[in-house]
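Here are my notes on the model, as numbered points. Have the coordinates open while you read.

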Amino acid sequence: MRTIQLTAPRTLTVTETAPPEPGPGEVLVRVSLLGLCGTDLGFFDGSSNYLRDGLKSYPFVPGHEWIGTVVGTGPGTDPDLLGRRVSGHNFRVCGRCAHCHAGRIRSCPDRSEIGVLGPRPGAGAQLITAPQDTLTRIPDALSDAAGALLEPTAAAVHAVDRLGVTASDRVAVLGAGTLGVAAAQTARAIGADTVVLDPNPAARALAAELGLRAVAGPAAADEEAYDAVIEASGSEAAVRSAVRLVAAGGRIAQLGTPHHAVDGFDAAGLVIRDVTLHGVLSGIGYWDRLVGLVESGAVNLDALVDRVFPLDQLDAAFARLADGSRNRPKVLVRIDPALAEPGPA
């Protein structure tokens, strides 16, 4: 099978490797689409904090956003999965610690994440194995592109849930990238009065295309005006701004990941105004809810896709990912053209 190998900064190859065999509780998946995100870009250009902190090292197989079709089953798996389109979360956990026993697998101290954290290969290959209990079946109403985007955008649903957003809330979402647009659509589906803030005109245009209210930045009247604030960009300026925007007794979800410590973060303001701050990791447990939102039309994931590149244009795909002028946030790679959906890529 063909496998993507990232061997050094800006050095990608597609090599022939032996296909994996599914073990007990695992299925074999033929990957159709692979999504690329900022984490992948950091690995590609060498800037990733995972590389800097020794949590990942070259060479490795990247990829953690994917969709494919089950083509083989291991012992103890449901044979009805054969031929089904699936996607899945990427946490691989010990299953023995107190967190795993309590169902808090995001907190397992021995967890790895395929293509991101630890030695396991990512989904950048024509065939991968995946534990059955990590998979979500993709209904016919969802496109391959939407299925590939469930992994990153489920975290946005998690953020909205952690904040307990209701129809009576005013919600500010900082950042109109993949996470922010998904979070804003989810909050809007609940009935909340939602606004997206992003200085990038193209990002605001996409939000507006999806029927969201979008502005470049906060006005004076926005200070302490929002019951719930979702920081979805990881920008240090946005992290600081979230504290200024949230109302007394309000809630903040830190969904984006800053790459450095945030100087000037007003922790005292959180205390004085009795604000609750949530760090949000992953969307495990929220995939089915997100699928329902996409099926209903409340959340549009297809609109987030900028381009789909063939596997032999990986360098072009990463160049596009690094291009801050693109109008839509998501870049996808077609791993197996035999599984392409009808119509233009």
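1. Which residue of β14 does A228 stand opposite? The residue is R251. Two strands count as paired here if DSSP finds at least two bridges between them, and β13 and strand β14 (residues 246-254) have five, in the parallel sense. The chain gets from β13 to β14 through helix α8 (residues 236-245), and this β-α-β crossover is right-handed. Right-handed means that, with the strands pointing away from the viewer, the path from the first strand over the helix to the second runs clockwise.

2. Some ground rules before going on. This is a predicted model, in which local features need pLDDT of at least 70 and side-chain atom pairs count only at pLDDT 80 or more, while totals for chains, interfaces and linings use all residues. Residues are numbered from 1 along each chain as its sequence is written, and side-chain values use heavy atoms, with hydrogens and water left out. Helices (H or I, at least four residues) and strands (E, at least two) are DSSP runs, numbered from the N terminus.

3. Back to β13, at residues 226-231. Five of its six residues are buried, where buried means under 20% relative accessible area, exposed over 50%, and partly exposed in between (1.4 Å probe, protein chains only). Strand β13 also pairs with strand β10 (residues 170-174), in the parallel sense and over four bridges. In that pairing, V173 stands opposite I230.

4. Helix α5 (residues 150-162) passes a simple length check. Because 11 of the 13 residues are buried, α5 is largely enclosed by the rest of the structure. Just after the helix, G164 takes a positive phi of about 60 degrees.

5. What about the packing? A nonpolar core here is a set of buried Ala, Val, Leu, Ile, Met, Phe, Trp, Tyr and Cys residues joined through side-chain atoms within 4.5 Å. The largest one has 50 residues, and L150, V165, V171, I230, L255 and L301 touch the most other members. Elements giving two or more residues to this core include α4 (144-148), α6 (178-190), α7 (201-209) and α10 (287-296). Helix α5 gives the most, with seven residues.

6. Contact means heavy atoms within 4.5 Å, and, not counting residues up to four places away in sequence, V171 touches V165, A187, A192, D193, T194, V195, Y226, A228 and I230. Apart from this core lies another one, of 37 residues, with L28, A130, L314 and V333 among them.

7. Which strands pair with β3? Strand β3 covers residues 26-36, and nine of its 11 residues are buried. Eight antiparallel bridges join β3 to strand β4 (residues 65-73), five antiparallel bridges link β3 and strand β8 (residues 127-131), and four join β3 to strand β17 (residues 330-334), again antiparallel. G35 stands opposite E65 in β4 and has L332 as its bridge partner in β17. On the β8 side, V29 stands opposite I128.

8. Two leucines are worth a look here. L28, in strand β3, is buried at a relative accessible area of 12%. Beyond its neighbours within four places in sequence, L28 is in contact with residues including P20, V71 and L127. L28 and G74 are 46 residues apart in sequence, yet 7.7 Å apart C-alpha to C-alpha. L127 sits in strand β8 and counts as buried at 10% relative accessibility. Its contacts include M1, P19 and L28, and its C-alpha is 9.5 Å from that of A18, 109 residues away along the chain.

9. Last, the cysteines. A disulfide is a pair of cysteine sulfur atoms within 2.5 Å, and the structure holds zero of them. The sulfur of C97 is 3.6 Å from the closest cysteine sulfur, in C100, which is too far for a bond. C108 has its closest cysteine sulfur in C94, also at 3.6 Å and too far. C97 is buried at 16% relative accessibility, and C108 is buried at 1%.
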